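Colleague: I have a new model open on my screen, and I would like to learn how to read it. Could you walk me through it?

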Amino acid sequence: MKNPEEFWQNKHKVQSPLWLTGSYLNALCRVHEFEVPKNQNVLEVGVGIGRATREFAKDNDVYAVDISRTALDNLGNIAKKYLTADMVDIPDDTIDFAICHLVFQHCENEAIGFILDQVIRVLKPGGQFFLQSGDSKQPMGVNIGRTKRRELIWHTPDWIKARIALAGGDIVSERLSQRTPDIYWQLLKITKAAKNI
Ligand SMILES: C[S@@+](CC[C@H](N)C(=O)[O-])C[C@H]1O[C@@H](n2cnc3c(N)ncnc32)[C@H](O)[C@@H]1O
C-alpha cells in the first residue's frame with residue numbers, strides 16, 4: 001500500500017452503515033473470551049467505523065485512534081479523546097484495556113512496530129492488551145469478505161511475537177479463533193513485561 005493514510009481516508013468516506021448492526025463488541029467478547037471492560041481507561045487502535053468503540057464508550061473513557069481522520073470524525077463525540085495514528089499524547093501507564101482488532105493485516109512492519117511500542121508504553125502494569133492478528137499461513141482461497149487479498153499484508157506469528165517482546169510486552173495467552181480455526185486468526189493477550197514496571 002503506497003499511502004495507507006490516503007487509502008483509509010477514501011475508504012472511510014464510503015463505509016456502509018450496515019456494518020453497524022448487531023452487537024459487535026458482545027460478539028468479539030464471545031469469540032475472543034474477554035469481558036467487556038467497565039469504568040476503565042480503554043484504548044482502541046484502528047477504530048474503523050466504531051463497531052466496538054460505540055459500545056466501549058457507554059461505560060468507559062475511550063481513547064479512539066485511527067490513521068484516518070475521517071473515521072474519527074464519523075464517530076461524533078463518543079470518545080474521551082481522538083488521535084490519529086500518533087499516540088504520544090497518551091501518558092505512560094494509564095490504560096487498563098487496549099485492543100487492536102483487524103488492523104495489523106493492513107499495516108507495514110514499521111506501523112506495527114509503532115503501534116506495539118505505544119500501546120505497551122501506555123498500558124498500566126497489570127493492564128490487558130488484546131491483539132488480533134492474521135497469520136501468514138492463512139490458506140489461500142479463504143473468503144475474507146470484501147477486502148481484496150492484494151490489499152492485505154500478512155506477518156508471521158514469529159515476527160509479531162518478537163516485535164511484541166521488543167516493545168516490552170509479555171504474551172499471556174494466544175490462541176486461534178474457535179469460530180474460524182481454518183482461517184488461523186491469532187488472538188494474543190498481552191501485558192507489560194515485568195522488566196518495564
Ligand atoms: C478493517 S478496519 C477494523 C476496524 C475495527 N477495529 C473493527 O474491528 O471493526 C481497519 C482500521 O484500521 C485503521 N488503520 C490502518 N492502519 C492503521 C495504523 N497504522 N494506525 C491506526 N489505524 C490504522 C484503518 O483506517 C481502519 O479504520
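**Reading the model, feature by feature**

Modeller: Gladly! Let's begin at one glycine: leaving aside residues up to four places away in sequence, glycine 46 touches Asp66, Cys100 and Val103. Keep in mind that this is a predicted model.

Colleague: Where is glycine 46 found, and is it buried or exposed?

Modeller: Glycine 46 is in the loop between β1 and α3 (53-59). For burial, we count C-beta atoms within 10 Å, and 20 or more make a residue buried. Glycine 46 has 21 such neighbours, so it counts as buried.

Colleague: Now the ligand, please. Which residues come nearest to it?

Modeller: There are 20 residues around the ligand, and Trp8, Gly46, Gly48, Ile67 and Ala111 come nearest. The elements giving two or more residues to this shell are α1 (4-13), β2 (61-66) and α5 (109-122).

Colleague: What classes of residue does the shell around the ligand have?

Modeller: The shell has 13 nonpolar residues, along with five polar and two charged ones.

Colleague: How do I read the packing of two helices, say α5 and α6?

Modeller: Look at the angle and the distance between axes. Helix α6 covers residues 157-167, and it packs with α5 at an angle of about 40°, the axes being 9 Å apart. Angles under 35 degrees would count as roughly parallel, and 65 to 115 as roughly perpendicular. The pair α5 and α6 is therefore oblique. The crossing of α5 past α6 is right-handed.

Colleague: Which residues make the contact?

Modeller: From α5 come Ile112, Gly113, Leu116, Asp117 and Ile120, while α6 brings Arg163, Ile164 and Ala167. Sorted by class, this contact has five nonpolar residues, one polar and two charged.

Colleague: My next topic is backbone angles. What should I look for in phi?

Modeller: Most residues other than glycine have a negative phi. Asparagine 39 is a case, with phi near 55°. Asparagine 39 sits in the loop between α2 (24-32) and β1 (41-45), and it is exposed, with 8 other C-beta atoms within 10 Å.

Colleague: What is phi of leucine 102 near?

Modeller: Leucine 102 has phi near 65°, again a positive value in a residue other than glycine. Leucine 102 belongs to the loop between β4 (95-100) and α5. It has 16 C-beta neighbours inside 10 Å, so it counts as partly exposed.

Colleague: Finally, let me step back. How many helices and strands does the protein chain have?

Modeller: The chain has six helices and seven strands, and along the sequence they follow the pattern α-α-β-α-β-α-β-β-α-β-α-β-β. Of its 197 residues, 32% are buried. Among contacts with a separation of 6 or more, 60% are between residues 24 or more positions apart.

Methods
Residues numbered from 1 in each chain as written. Predicted model: local features only at pLDDT ≥ 70, side-chain atom pairs only at ≥ 80, totals over all residues. Near = placed C-beta within 6 Å. Helix = DSSP H or I, 4+ residues; strand = E, 2+ residues; numbered from the N terminus. Nonpolar A, V, L, I, M, F, W, Y, C, P; charged D, E, K, R; others polar. Axes fitted to C-alpha atoms, helices over the stretch in contact; angles between N-to-C directions. Parallel < 35°, antiparallel > 145°, perpendicular 65-115°, else oblique. Left-handed = near helix turned anticlockwise from the far one by under 90°. Contact = placed C-beta atoms within 7 Å. Buried ≥ 20, exposed ≤ 12 C-beta atoms within 10 Å, placed from the backbone.
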